[in-house]
Amino acid sequence: MEIRKLGLGQCAFAALAILVSSLYAQGPTDASQGPGPRISVAGHTYTQQELFQRNVGTPDDQNTQFPPHRIIGNVYYVGTVSLAAFLIVTPQGNILINSMYERNVPVIQKSVEQLGFKFSDIKILLGSHAHADHMEGDALVKQLTGAQVMAMAEDVPLLGQMKPAGKAHPIDKVLHDGDQVVLGGTTLVAHLTPGHTPGDTTWTMKAQEGGKTYDVVIIGSLGVNPGMKLVNNAANPQIVEEFTRAFQVSRSLPCDVPLGSHPGMYNMKEKYSKLHPGGPNPYIDPAGCKTEFDIDEAMFHAVLQQQQAALSSASPAIHPPANPPVSSAAAPRSAGGSSAVGQQSALIAKGKERFSAYKCYDCHGENGEGTPDAPDLTHSKLTAEQVSKFLQKPSADAQNKGMPDIPADDPDHQPLVAYVMSLRAK
Ligand code: HEC
Ligand SMILES: [Zn+2]
């Protein structure tokens, strides 16, 4: 068979191209914006995209301070509307969980101070997982407070790539599954709940209120983000086992008070509105833990199933054309009549928009003309296939500088390839 003659890389690429096009074809409306599968759990219905959106919120939500408040016992909220940060207050200094994006650090500081605490009393800085919306600010928080930064071993490689404005990511102590972090009578336990990132960490602790003790669980994340590959993930072949383990561990944790790296995971807005002095504490919500695990696990299985189905329909007998990125993405559009050329320019237009959304211009210049940080894309010698591969797995140098990777089945992948190739013609 012809396919045997292809190199392994090309085979993988061909399979991916089919995967992408069949995922696109399943999109009910706009083929370029796959909402992912839809799940319904306990009266909540979400597509993959909606669940992701529930967590990350709008750019405004990410930046806007949420009223800082006491959650339970010595646990306080000091984050924004859609990015959570928690302050654990002890007589021997305080612990901060999540520094969020570096630009959010002033909001955390303001919240800590509005609650009547000193920012410089933060002695230990922990994190939910190695994504920029939770841990990019670590270097700045350390610089401002001198806090000891601790991180789960499996996330250390990703954290090493997190270098806002070139600042190296600090790590003072590497943690392992089950490690305890103890300060001033409070003990936090680090549970490895991998999948979302290899070192995703769920933090647990006990909080006292009204003479009772409550189990607090701070979910790292159990989310399958749009574009995340569960099937044939070369960078992390263990990802399905990881998620499976994460659900198992999460469900085994005693939980009275569910919290998480995004307030959407525990309905913060609604609970906060029910917080009244002397009233019952709305954050005590054992059922809420289970609901969130159920939602995330249902979505995990739905995405896994969709990706497996897409792969098995990709029979090797259907060989894509030699130069697939453009043609295979020309998925059917609802309104008839659009020409191949029209589809191609729509793809490029979308890629241009995504180039801007990902801030590729920060490094590559406004029109891909290059900066001292990254090469000129207008004179690149790479073929479309090589550009696609580079986007899936940027060189170590590009990764170290912070270039994002865009998996082949990410809806942004093909538009970006098309746009990068279009820069060449000028
Ligand atoms: C933080 C900086 C940074 C960002 C942001 C960034 N890149 Fe890069 N990119 C680099 C660096 C550095 C290289 C060169 C790496 C090397 O030569 O090994 C590179 C190389 C490339 C190449 C290969 C060029 C060639 O001819 O070898 C492509 C294509 C590319 N980037 C596309 C993108 C796209 C698309 C985005 C946005 C999704 C992006 N980059 C965002 C830093 C960045
Ligand atoms: Zn994340």
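Two residues count as in contact here if their C-beta atoms, placed from the backbone, lie within 7 Å. With that in hand, hello everyone, and let me start with the fold as a whole. Among contacts in this protein between residues at least 6 apart in sequence, 65% join residues at least 24 apart. Please keep in mind that we are looking at a predicted model. The protein has 426 residues, of which 44% count as buried, and its secondary structure comprises 16 helices and 14 strands.

A word on confidence before the details. The mean pLDDT of the protein is 86, with 85% of residues reaching 70 or more. Over residues 1–33 the pLDDT stays under 50, and the model has 53 contacts beyond four places in sequence for them. Residues 317–337 also have pLDDT below 50, and that stretch makes 39 contacts in the model beyond near neighbours in sequence. Where pLDDT is low, the predicted coordinates should not be read in detail.

Now to helix H8, if you would turn to it with me. H8 runs over residues 239–252, so to speak 14 residues, and spans 20 Å from its first C-alpha to its last, close to the 20 Å expected at 1.5 Å a residue. Which residues of H8 are buried? They are Ile239, Phe243, Ala246 and Ser250. These four lie on the same side of H8, because they cover an arc of only 55° around the axis. In general, an α-helix has 3.6 residues a turn, so residues three or four places apart point the same way. The cover over the buried residues of H8 includes strand E12 (201–209) and helix H10 (286–312). On the face turned away from the buried side, H8 carries the exposed residues Glu241, Gln248 and Ser252.

Proline 258 sits in strand E14, residues 257–260. Is proline 258 buried or exposed? Proline 258 is buried, because 27 other C-beta atoms lie within 10 Å, and the cut-off for buried is 20 or more. Setting aside neighbours within four places in sequence, its contacts are Val217, Ile219, Tyr266, Asp285, Gly288, Cys289 and Glu292.

Histidine 69 belongs to strand E3, residues 69–72. Histidine 69 counts as partly exposed, because it has 15 C-beta neighbours inside 10 Å, and that class lies between 12 or fewer for exposed and 20 or more for buried. Not counting residues up to four places away in sequence, histidine 69 touches Tyr76, Tyr77, Tyr272 and Leu275. Glutamine 114 is 45 residues from histidine 69 along the chain, and their C-alpha atoms are separated by 9.3 Å.

Last stop, the ligand. Which residues come nearest to ligand 1? Of the 26 residues around ligand 1, the nearest are Cys360, Cys363, Ser380, Ser395 and Met403. By class, the shell has 17 nonpolar, four polar and five charged residues. Helices H13 (361–364), H14 (384–392), H15 (396–401) and H16 (413–425) each supply at least two residues of that shell.

Let me stay with H14 for a moment. Its buried residues include Val387, Ser388, Leu391 and Gln392. These residues sit on the same side of H14, because they cover an arc of only 140° around the axis.

Note on methods:
Residues numbered from 1 in each chain as written. Chains lettered and ligands numbered in written order. Predicted model: local features only at pLDDT ≥ 70, side-chain atom pairs only at ≥ 80, totals over all residues. Near = placed C-beta within 6 Å. Nonpolar A, V, L, I, M, F, W, Y, C, P; charged D, E, K, R; others polar. pLDDT = per-residue confidence, 0-100. Arc of directions from axis to C-beta. Expected span 1.5 Å × (residues − 1).
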